[in-house]
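Work through the following exercises with the sequence and the model at hand. Each task is followed by a solution in steps.

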Amino acid sequence: MSEQSRRPRKPGKPYRRPQKDPVRMLAFEALRAVDERDAYANLVLPPLLRKAREKGDFDGRDAALATELVYGTLRRQGTYDAVIAACVDRPLREVDPPVLDVLSLGVHQLLGTRIPTHAAVSASVELARVVLGDGRAKFVNAVLRKVAQQDLDGWLEQVAPPYDEDPEDHLAVVHSHPRWVVSALWDSLGGGRAGIEDLLEADNERPEVTLVARPGRSTADELLDVLGDESALPGRWSPYAVRLTEGGEPGAIDAVREGRAGVQDEGSQLVALALANAPLDGPDRAWLDGCAGPGGKAAMLAGLAAERGAVLLASEKQPHRAGLVAKALAGNPGPYQVIAADGTRPPWRPGTFDRVLMDVPCTGLGALRRRPEARWRRRPEDLDGFAPLQRGLLRTALDSVRVGGVVGYATCSPHLAETRAVVDDVLKHYDDGSAELLDARPLLPGVPALGDGPDVQLWPHLHGTDAMYLALIRRTG
């Protein structure tokens, strides 16, 4: 027997139990809910954070990091998928979804945050050990070490096709949007490369939280006084808007908890204000919000109507959403009514209302900053599903308004198939001059870059709002 064979065997490295990191565990749990249940992060994350705080696992910095990990990973999913695909030896569809979620979280830490490389890799591998097991943790470790060899710019140069060869695919990879969404947004926006790049970049930025002081129940000045100069700023365009500069928890604000204020994008506020301020021929007594859920615009319209002695009817097809509308309107200073009804088969008589808002169901491509996962769920064929409903609801609105009254057609999508195409198509049936488009631009005073009119398209990169669309139509006969 040789001398070497007689040497005692080196003892193996003792097994170390994986350590749970509450922040990354929560982020992983949120991503799995988004993937498995088609949940939305903005609905899944708050209760998870609240539960973690109640257990004492989280402080404010932990909550901020978990939020960044979830939203950053979802926003950059397309880019990160391209990077991961370049680092694995199989198609991504063959990588188990939980493994892909851990990898994506790790890639975001490496390429999208200031977390040091060693910390990003080790924390991701530790997460993998906890949720996937030691075997697949080794796979995660190997992939992330490859990713760590380049920064984001280096990877984009490698995985994105040159702009000159395929502009839409280049933008899709660099800015993490599906190619068809890039194409649709570019068609609606018009112009050259700079504008579409600015828009796609704005979609990937974390939006400010904006509050609305509900008319007759609170004011922007009241909210600003309570929040202080360091935490809040006035809205850019809406006199009822307050922007939270420090983030924070809106539900902790008394006015929000009491329903006198709410969370509402400034673009949505502008749509409601424009309809409320559109000139009428004749009386101004009865208003309708025909697609009222979840209630933000309805609450604003109800307050404005009350100030003029008018009454709002808020109609919503889904009973549970009608319940949310009722909650948002509770405490309104004037009379109102909330009903659950199908807007395409309305229970009210034609010509009943002086003002009608139809904020129709849509693809939601205008709110990708707030719901980043929506860009990966939507498909071009979804447009065909929404088209008949959107046209039907606009026809109902025009039937429901009296001669001399005004309809607001609104949608949180800039896709031309959901905006101008719907309006133009429906107005063909009123070619006898019984309906006409109004110029909506003067009803958004101070708001720049509103285009040639008469309709209005808001943009995240130009206005700091969701990409809300509004057309105002007057019944003339």
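**Salt bridges and exposure**

Counting each side-chain nitrogen of Lys or Arg within 4 Å of a carboxyl oxygen of Asp or Glu as a salt bridge, the total comes to 32 salt bridges. The model is predicted: local features need pLDDT of at least 70, side-chain atom pairs count only at pLDDT 80 or more, and totals for chains, interfaces and linings use all residues. Residues are numbered from 1 along each chain as its sequence is written, and side-chain values use heavy atoms, without hydrogens and water.

**Exercise 1.** Locate the salt bridge of Arg377 and Asp38, and state the exposure of each partner.

*Solution.*
1. The N to O distance between the two side chains, Arg377 and Asp38, is 3.9 Å.
2. Arg377 belongs to helix H18 (residues 374-377), whereas Asp38 sits in the loop between helix H2 (22-37) and helix H3 (41-55), 339 residues apart. Helices here are DSSP runs (H or I, at least four residues), and strands are runs of E (at least two), numbered from the N terminus.
3. Relative accessible area is classed as buried (under 20%), exposed (over 50%) or partly exposed (in between), with a 1.4 Å probe and protein chains only.
4. Arg377 is partly exposed because its relative accessible area is 25%; Asp38, at 51%, is exposed.

**Exercise 2.** Which partner does Arg420 have in a salt bridge?

*Solution.*
1. The partner of Arg420 is Asp455, with the closest N and O atoms 2.9 Å apart.
2. Arg420 lies in helix H20 (residues 420-427) and Asp455 in the loop between strand E10 (435-438) and strand E11 (456-457), so the bridge ties together parts 35 residues apart in sequence.
3. Asp455 is buried at 6%, while Arg420 is partly exposed at 42%.
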